[in-house]
Amino acid sequence: MGKNKEIQQILPRATGFFFLAPAFFFIGLFLLFPFIWVFIISFTNVALTGPTALNPAFVGLENYVRLFDFSRWMRSGEFGNALRNTLYFVLGSAVLGQAPLGLAIALAFHRRRGPLRELVFSLATMAWILPDVAVAFAWIAFLDYDFGTLNTVLINLGLGKIDWYFQHPLVAITIFNVWRGTAFSMLLFSAALGSIPPSFWETAEVAGASSWQRFKDVILPLILPHILTDLILITLWTFNTFTPYLITGGGPFFRSETVSMYTYRVAFKFLEFGRGAAVAVVMMAINFVLATGYLLSLRRRRAYG
Amino acid sequence: MRKCFKLLFVIGLSFALLGIATFAESIKLTVTSRAVRGGVNTLLVQWLEDVVFPAFENWMKEQGKDVVVEFIEFGGTDEALKEQYALDLKVGRGADILGFDGFWIPEFDAAGLVKPLDEIVGPSIWEWEGWKHIPPSMREILGYQGKVYGLPLGTDVRVIFYRRDIFEKAGIIPAGSGLRWQPRSWEELLDTARYLKESLPGVIPLQINAGTQMGEATTMQGWFMVLLGTGIHMYDFYSGKWYAKHPGILEALNFYKTVYIDEKLGDARTQLIPGARARTFELFRDGKIAMLVEGDWFWRSVLAPGSEWGLPNRNEVVDWAMMPAEEPGAGYRGQNFVTISGGTGFILNPNTKHPAEAWALMGFAFSREMQLEFQKLQPRIRARDDVPVIGDPVMSEMAKALLRLTTVRPMLPGYPKISYEAQLMTERVVAGLMTPEEAMEAYAEALKEIVGEESLIIVE
């Protein structure tokens, strides 16, 4: 309460609201309103074309029931199939790919300077900031079955070629996403390592700790909160990313279709906004759980810190 | 002070008048279609930009109107264009004249996104000289429930295109004999494919479209061409119901299974990868595919010398045959051979700010003179009966042999969704995900959701 009084002395509450009003207005207009709108139309059969475009009707939970029709939801092109693909994609590219790789690069160059570090960091960051379409095109060319760079190299090495986009589409977009997003984890861990006081390091060295012991007993406990933050953030991003669509289109026969592509297909290819909205609501719910996890972990850290 | 106001008033008025004058004088019309100069449908762009637009602009100028016409190229797939149109029209935008596929009309009309020509322009459209040369069957291509939404560029038919050079190499046709190949049943078609597979490894004997990547090209060039050969259509025009489960559907799916799974006479991968259609065109051009079921668009636009996948010696190395029914006489309406027609053309955007000028442009482009100009670039079956197929005996021959055997898709708002389900059904079979029985079961389930059980024909 005491704190509140201090703030009131600086700025009357009404004035505060006045200054916040534009922000609230825009948040309401561009975030809250669409959210509520999507939620409402997810209970209708509204579409962009066809008879239900002019005369939409409330259909209750039908869109959701259709989404979770377990008798067929693992079939190609159904929601369960997309959900499973997303799970593999997020686990493979974010949890098992980006985070450990980013940590490994950060550790390898910890307390080191020099051209090699600059080169690695620049290249990784470049992969992260290039525009989606350019990157997708490059990867299509890189992994193409007949003319791809990788297969040309493999053939010249006598290893034979691999049909990435047809035989292993999910693996292909997973590798792509690791390449694409490792920079974030690398930068975050690099900063986290930099925040460890050098005295901890030197003490460990003097005590004769092996590098594994140093990692396990000094580094890991200190950067654990950062690992958590990193994992939650990249899980959220990977869950929502749409760039792989530009490479595989979700195919062949929906083997690399993730939930975000599924939403796009229902809403913008079939032009069924009602059903698309229902998928979007489910996606938002999953995002909400992930984001809550992130915020809770931040709060816990603040409590400890 | 008063003088000052007066001066201001005069200046203001003259600016306003000037504004109105310039506004009224210069009218800009836009036309869009899936066409790119030097790429897909390049001949359409050449015809419009090099012939029609300059002539139209001159004609308008003679009438004292300053009209500028611009073509907006669209290089994506048909499906992407449809998506773009739906979004554009919904927000009241888009080009004044839109290149449109006839079977989209019912779905768009039901949503109020497109309107009949006379509702947009007024009854004056019926004064156009061209109507008496456009027979009802042609008006129906871009029509729905007796109303006309646009003018078609023509209609088409579907056949098996085959490479004469490959057939001669394999000894199916004696070289230089001028003899032609024509299978009489599925078995004869498959036997030819088997023989090619044995004698010429590295050549894909037969591609018949399957899967969702190919979009409507799967339904028209693939599914319909096989299904009609079993004696049924996707839709029964008499009862107004859809075939959901039928021995014919199973036979058709088993044909796919024979081609792509059991005997590998076709390459399923080429059907299912992104960019499947472009890849197929490329392989046929390069002599890696021996037989391909396609529409006459493939002949007159895709393979036309100078086009993106053009073959300079097209007339020597490519020939065509009619698609046989499963057995002679077992096809749709008891036919020996089957085919199906569709058609594209141009419609008016109901949101156009210049309906009169836009309609004038359409009427001008579909005048006999302009259509004859198009025939010089790309001979085909045109909508006008006073515009013959000139300079391409192959096109005339196809039209003569097949227009009497042809059928069309049902013009219903639900068709595009059911068409997608048919594509999905073939995909599940050729990818080996489902047996023909399972795929048909899933198809029937989906149809039930789309049109309701009472609109289905189920024959176990």
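Q: What makes the meeting of the Arg180(B) and Glu397(B) side chains a salt bridge?
A: In this predicted model, the N to O distance of Arg180(B) and Glu397(B) is 2.6 Å. The limit is 4 Å, and the partners must be Lys or Arg with Asp or Glu.

Q: Which residue ranges make up the two domains of chain B?
A: Domain 1 takes 2–152 + 342–405, and domain 2 takes 158–340 + 411–458. Their C-alpha centres lie 32 Å apart.

Q: How do you know how many salt bridges the rule finds across the interface of domain 1 and domain 2 of chain B?
A: Nitrogen and carboxyl oxygen must come within 4 Å. Applied across this interface, the rule finds 1 salt bridge. Polar contacts between domain 1 and domain 2 of chain B number 9 residue pairs, both residues at pLDDT 80 or more.

Q: Which elements each supply at least two residues of the side of domain 1 of chain B that touches domain 2 of chain B?
A: These are α2 (42–62), α3, α4, β4 (143–144) and α17 (393–402) of chain B. The most comes from α17(B), with 6 residues. By type, this side of domain 1 has 15 nonpolar, 8 polar and 9 charged residues.

Q: What makes domain 1 and domain 2 of chain B count as being in contact?
A: The test is heavy atoms within 4.5 Å. By that test, 32 residues of domain 1 of chain B touch 28 residues of domain 2 of chain B, so the two domains are in contact. Together they bury about 2400 Å², with 64% of it on carbon and sulfur atoms. Phe103(B), Leu402(B) and Leu405(B) supply 26% of the area that domain 1 buries against domain 2, more than any other three residues.

Q: Why is the pair Glu445(B) and Arg72(A) called a salt bridge?
A: The N to O distance between these two side chains is 3.2 Å. That is within the 4 Å limit, so the pair qualifies. Glu445(B) lies in helix α19 of chain B, and Arg72(A) in the loop between α3 (62–67) and α4 (79–108) of chain A, so the pair joins two chains.

Q: How do you know that Glu449(B) forms a salt bridge with Arg72(A)?
A: The closest N and O atoms of Glu449(B) and Arg72(A) are 2.4 Å apart. With 4 Å as the limit, this Glu and Arg pair passes, so it counts. Side chains of opposite charge can pair when their charged atoms come close.

Q: How many salt bridges are there between chain B and chain A?
A: The count is 7. Polar contacts across the interface of the two chains come to 10 residue pairs, both residues at pLDDT 80 or more. On chain B, α3 (78–90), α4 (105–110), α11 (268–272), α18 (415–430) and α19 (436–451) each supply at least two residues of the side that touches chain A. The largest share, 5 residues, comes from α18(B). This side of chain B divides into 16 nonpolar, 2 polar and 10 charged residues.

Q: What makes chain B and chain A count as being in contact?
A: Heavy atoms within 4.5 Å are required. By that rule, 28 residues of chain B meet 27 residues of chain A, so the chains are in contact. They bury about 2400 Å² between them, 58% of it on carbon and sulfur atoms.

Q: Which confidence scores does the predictor give the complex?
A: The ipTM is 0.83 and the pTM is 0.87. Chain B averages a pLDDT of 92, and 95% of its residues score at least 70.

Conventions: Residues are numbered from 1 along each chain as its sequence is written. Chains are lettered from A and ligands numbered from 1 in the order in which they are written. Side-chain values use heavy atoms; hydrogens and water are left out. Buried area is the accessible area (1.4 Å probe) that two parts lose on being put together, summed over both. A polar contact is a pair of N or O atoms within 3.5 Å; within protein, one must be able to donate a hydrogen and the other to accept it, and residues adjacent in sequence count only if both atoms are side-chain atoms. Helices (H or I, at least four residues) and strands (E, at least two) are DSSP runs, numbered from the N terminus. Ala, Val, Leu, Ile, Met, Phe, Trp, Tyr, Cys and Pro count as nonpolar, Asp, Glu, Lys and Arg as charged, and the others, Gly among them, as polar. Domain bounds come from an automatic or database domain assignment. pLDDT is the predictor's confidence in each residue, from 0 to 100.
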